[in-house]
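I opened my notebook to jot down what I looked up in this structure. Here is the model I was working from.

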Amino acid sequence: MKKFQHNIQKEVKEVPYIINELTMIILPWYSKHAYLNSTILELYQEVDVNAGSLAIVNQSCIYYGSDLKGRLHHASMILKGQRMLPVLISESNRICMVPTCSPYKPECVWLSYKHVKDIVPKENRTVVILSNNQHVELDITRDALETRLSRAARVVSTQGYRQEQMTDLYKMQVVAEDANLYTLNKDVEHDQLEQ
């Protein structure tokens, strides 16, 4: 198990990055000129972006139709009284990111809850095994990370349940054909029974 170390000599992309289904983790780091950047580990590639993790999360929320403030409010309605809430980036794609510390701290790492394959404790830290078997050591305890991941799963499942309810309610209210087609005329029915 090796700790993720960023090579500060890498070329950093100037394009905005949108979190997607392949995004596993966002790791912030400072350039030699003290600019906050991020390395995004995707399932099949690594992308360096010249933006902090919070900016990437907020921009991704906006791309999918909300903003960070709205997503945090949504999570707080489900997880009443909790702190360091997960952010449901996209409901339809079930993309939910979990912060390792306060999202407003520049060192906050964001994990996609569905790409965490295993968690291995290492003293007061944790080694996260991602879905592509890559190992990343994080400054968070196993218990704290498991709690945050379970909160993310609850937000995703609650939102999925709500969408199913709305879909079922809509289907019940839709009438595909004229209701009169299915009512029988009592005189016709009586005549047919006598024959």
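This is a predicted model: local features need pLDDT of at least 70, side-chain atom pairs count only at pLDDT 80 or more; totals for chains, interfaces and linings use all residues.

**Entry 1: the parts list**

I began by counting: the chain has 4 helices and 9 strands. Both are DSSP runs numbered from the N terminus, with helices being H or I of at least four residues and strands being E of at least two. Going along the sequence, I wrote down the pattern β-β-β-α-α-β-β-β-β-β-β-α-α.

Residues are numbered from 1 along each chain as its sequence is written, and side-chain values use heavy atoms, with hydrogens and water left out.

**Entry 2: the sheet**

I traced an open sheet of 6 strands in the order β3-β2-β1-β6-β5-β4, with antiparallel pairing. Strands count as paired if DSSP finds at least two bridges between them. At the edges sit β3 (46-49) and β4 (87-90), each pairing on one side only. On average, neighbouring strands here are turned by 25 degrees against each other, direction ignored. For angles, axes are lines fitted to C-alpha atoms (for helices over the stretch in contact), and the values run from 0 to 180 degrees between N-to-C directions.

Helix α1 (residues 53-63) packs on this sheet and touches β1 (23-30), β2 (36-42), β3, β4 and β6. The direction of α1 makes about 50 degrees with that of β4.

I also checked one pair of strands: β5 (residues 95-99) and β6 (residues 110-112) run antiparallel and are joined by 3 bridges. Met97 has Ser112 in β6 as its bridge partner.

**Entry 3: the core**

Which residues have the most contacts inside the largest nonpolar core? I found Ile19, Ile25, Val57 and Leu138, in a core of 43 residues. Helix α3 (residues 142-173) gives the largest share of this core, 5 residues. A nonpolar core is a set of buried Ala, Val, Leu, Ile, Met, Phe, Trp, Tyr and Cys residues joined through side-chain atoms within 4.5 Å. Buried means under 20% relative accessible area, exposed over 50%, and partly exposed in between (1.4 Å probe, protein chains only).

I then followed Leu138. Leaving aside neighbours within four places in sequence, Leu138 is in contact (heavy atoms within 4.5 Å) with residues including Ile25, Leu27, Val109 and Arg125. Over the whole chain, 38% of the 195 residues are buried.

**Entry 4: the salt bridges**

I counted 5 salt bridges, each a side-chain nitrogen of Lys or Arg within 4 Å of a carboxyl oxygen of Asp or Glu. Side chains of opposite charge can pair when their charged atoms come close.

Arg71 forms one with Glu91, the closest N and O atoms being 2.6 Å apart. Arg71 lies in helix α2 (residues 68-78) and Glu91 in the loop between β4 and β5, so this pair ties together parts 20 residues apart in sequence. Is Arg71 buried or exposed? Arg71 is buried at 5% relative accessible area, while Glu91 is partly exposed at 25%.

Glu137 and Arg125 meet in another (2.6 Å, N to O). Glu137 is in strand β9 (residues 135-138) and Arg125 in strand β8 (residues 125-130), so the pair ties together parts 12 residues apart in sequence. Lys122, Arg125, Glu137 and Asp139 are linked in a network of salt bridges.

Last one: Arg142 and Glu146 meet at 3.1 Å, N to O. Both lie in helix α3, 4 residues apart, about one turn of the helix.
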